[in-house]
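Work through the exercises below with the model open. Try each task before reading its solution.

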Amino acid sequence: MSTREGEQALGFDPADRTFAGVAAIGRIRSAWAPGDCPRNLMQARERGGGDARLEIDAAYRPGLYGLDEGRWIWLLAWYGDRRRDLIVQAPAHADGPRGTFALRSPVRPNPVALQLVRITRFDSGAGVIGIDAADAFDGTPIVDIKPWLDTVDMPPPG
């Protein structure tokens with residue numbers, strides 16, 4: 001695979017060193033496809049959100065109990081079609097190379113995306129959760145959903 005100037009690859013594929021199985025609990029549905037996808041949630045919201053929704057598989061729908069419209073949730077998604085071997089990247093928007101862990105790039109050893117989204121509509125029986133925006137391709141696997149808790153997720157003052 002090619003690299004940009006200043007980038008550094010690990011020399012191995014992290015997928016060859018896995019230790020845990022991950023099951024998709026559903027899929028992100030959006031208007032986005034390769035070549036036409038916002039780079040982040042801010043851009044996705046500026047473009048109208050992408051008609052984003054989550055479709056949760058039937059077996060996992062009881063786990064939605066307690067969520068409701070208007071609530072903020074953490075969404076973890078699997079961007080498994082991305083490179084996993086770059087440990088230093090040279091993003092076009094930055095002034096030089098940066099370590100992968102200093103970036104929000106989907107290119108990382110474990111391509112897990114973390115997004116804070118708001119529930120805009122909710123049908124637990126059908127397993128459909130409308131969200132305010134997504135910056136993921138249609139069909140991206142969902143790994144987990146967690147509620148935003150201001151008593152836990154808010155950084156401490158100072």
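**Exercise 1: Thr 100**

The side chain of Thr 100 makes a polar contact with the side chain of Gln 89, at 3.1 Å. A polar contact is a pair of N or O atoms within 3.5 Å; within protein, one must be able to donate a hydrogen and the other to accept it, and residues adjacent in sequence count only if both atoms are side-chain atoms.

Two notes on the source. This is a predicted model, where local features need pLDDT of at least 70, side-chain atom pairs count only at pLDDT 80 or more, and totals for chains, interfaces and linings use all residues. Residues are numbered from 1 along each chain as its sequence is written, and side-chain values use heavy atoms, with hydrogens and water left out.

Task: locate Thr 100 and decide whether this residue is buried or exposed.

Solution.
- Step 1. Thr 100 sits in the loop between β6 (98-99) and β7 (112-123). Strands are DSSP runs (E, at least two residues), numbered from the N terminus.
- Step 2. Its relative accessibility is 0%, so Thr 100 counts as buried. The cut-offs are under 20% relative accessible area for buried and over 50% for exposed, with partly exposed in between (1.4 Å probe, protein chains only).
- Step 3. Leave aside neighbours within four places in sequence: Thr 100 is then in contact with Leu 86, Ile 87, Val 88, Gln 89, Val 107, Arg 108 and Pro 109. Contact means heavy atoms within 4.5 Å.

**Exercise 2: the open sheet**

Task: which strands stand at the edges of the open sheet, and why is one side of each left without a neighbour?

Solution.
- Step 1. The sheet has three strands in the order β1-β5-β6, with antiparallel pairing. Two strands pair if DSSP finds at least two bridges between them.
- Step 2. β1 (8-9) and β6 are the edge strands; each has a single partner strand, so one side of each lacks a neighbour in the sheet.
- Step 3. Two bridges pair β1 with strand β5 (residues 86-89). Ala 9 stands opposite Leu 86 in β5.

**Exercise 3: the barrel**

Task: in what order do the six strands of the closed barrel run?

Solution.
- Step 1. The order is β2-β3-β8-β7-β4-β9, with antiparallel pairing. The twist from one strand to the next averages 45°. Axes are lines fitted to C-alpha atoms, and angles run from 0 to 180 degrees between N-to-C directions.
- Step 2. Strand β4 (residues 72-78) pairs with β7 over seven bridges. Trp 78 stands opposite Val 112 in β7.
- Step 3. β7 and β8 form a hairpin with four residues between them. Gly 127 in the turn has a positive phi of about 70°.
- Step 4. Strand β3 (residues 53-56) joins β8 through three bridges. Arg 53 faces Gly 130 there.
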